[in-house]
Amino acid sequence: MNATLLARDAYGSSNRAVRTPRADEYAIFSRVTAAMKKAQTFAETAAALTDNRRLWITLAADLSGEGNGLPDALRADLLSLAEFTNAHTSKVLRREAEIDVLVEINATVMAGLRQSGAPA
């Protein structure tokens, strides 16, 4: 095997798209949302909700940081959603609410990420 083939195998094709932070965020939201949608048992639902809660806690921490470049109004709206998501998750886990609203919130965030340049 020649050096060019070895390099291509080691580093991949130069045509590979570079992932952006928005694309990474979209991928995480997509994975977590899909898990919530397909959960059939309470254990699967609880695991998906735990991942979703962890995602929103991480997002809230980032939004609260000084280095976050989003506009203040958007940051405030997303922080409010993070708070609501946390509270609603607790209700779902206590079987006092449905998971659907959390799926809708994530889908809305994913739509916003798509508009800002994340691939669908």
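The residues lining the largest pocket divide into nine nonpolar, five polar and four charged. Here Ala, Val, Leu, Ile, Met, Phe, Trp, Tyr, Cys and Pro count as nonpolar, Asp, Glu, Lys and Arg as charged, and the others, Gly among them, as polar. The model is predicted: local features need pLDDT of at least 70, side-chain atom pairs count only at pLDDT 80 or more, and totals for chains, interfaces and linings use all residues. Residues are numbered from 1 along each chain as its sequence is written, and side-chain values use heavy atoms, with hydrogens and water left out.

**Largest pocket**

- The largest pocket holds about 360 Å³ of space. A pocket is an open set of points on a 1 Å grid over the protein atoms alone, where a 1.4 Å probe fits, with protein on both sides within 12 Å along at least five of seven lines. Its volume is the space filled by probe spheres set on the points, which are joined across faces, edges and corners.
- Its lining has 18 residues. A lining residue has an atom within 4 Å of a point.
- Nearest the centre of the largest pocket lie Leu-70, Leu-74, Leu-78, Val-109 and Leu-113.
- At least two lining residues come from each of helix 2, helix 3, helix 4 and helix 5. Helices are DSSP runs (H or I, at least four residues), numbered from the N terminus.

**Second largest pocket**

- About 220 Å³ of space lies in the second largest pocket.
- It is lined by 13 residues, and Ile-28, Arg-54, Leu-55, Thr-58 and Leu-59 are the closest to its centre.
- Helix 2 and helix 3 each give at least two residues to this lining. Helix 2 has the largest share, seven residues.
- By class, the lining of the second largest pocket has six nonpolar, one polar and six charged residues.

**Nonpolar cores**

- The largest nonpolar core has 14 residues. Such a core is a set of buried Ala, Val, Leu, Ile, Met, Phe, Trp, Tyr and Cys residues joined through side-chain atoms within 4.5 Å. Buried means under 20% relative accessible area, exposed over 50%, and partly exposed in between (1.4 Å probe, protein chains only).
- Phe-29, Trp-56, Leu-59, Val-109 and Leu-113 have the most contacts inside this core.
- Two or more of its residues come from each of helix 2, helix 3 (42-64), helix 4 and helix 5 (100-115). Helix 3 gives the largest share, five residues.

- Neighbours within four places in sequence aside, Trp-56 is in contact with Phe-29, Leu-78, Leu-81, Ala-82, Thr-85, Ile-105, Asn-106 and Val-109. Contact means heavy atoms within 4.5 Å.
- Thr-85 lies in helix 4. It is buried, with a relative accessible area of 1%.
- Thr-85 and Trp-56 are 29 residues apart in sequence, yet 7.5 Å apart in space, C-alpha to C-alpha.
- Not counting residues up to four places away in sequence, Thr-85 touches Asn-52, Trp-56, Leu-102 and Ile-105.
- Asn-52 is in helix 3. At 0% relative accessibility, Asn-52 counts as buried.
- Leaving aside neighbours within four places in sequence, Asn-52 contacts Val-32, Met-36, Thr-85, Leu-102 and Asn-106.

**Salt bridges**

- The count is four salt bridges. Each needs a side-chain nitrogen of Lys or Arg within 4 Å of a carboxyl oxygen of Asp or Glu.
- Glu-25 and Arg-22 form one, at 3.2 Å from N to O. They sit three residues apart in helix 2 (residues 21-38), about one helical turn. Glu-25 is partly exposed at 27% relative accessibility, and Arg-22 is partly exposed at 29%.
- Arg-75 and Asp-72 form another, at 3.9 Å from N to O. Both lie in helix 4 (residues 72-93), three residues and about one turn apart. Arg-75 is buried at 16% relative accessible area, whereas Asp-72 is exposed at 62%.
- Glu-96 and Arg-94 also pair, at 3.1 Å from N to O. Glu-96 is exposed at 54% relative accessibility, while Arg-94 is partly exposed at 49%.
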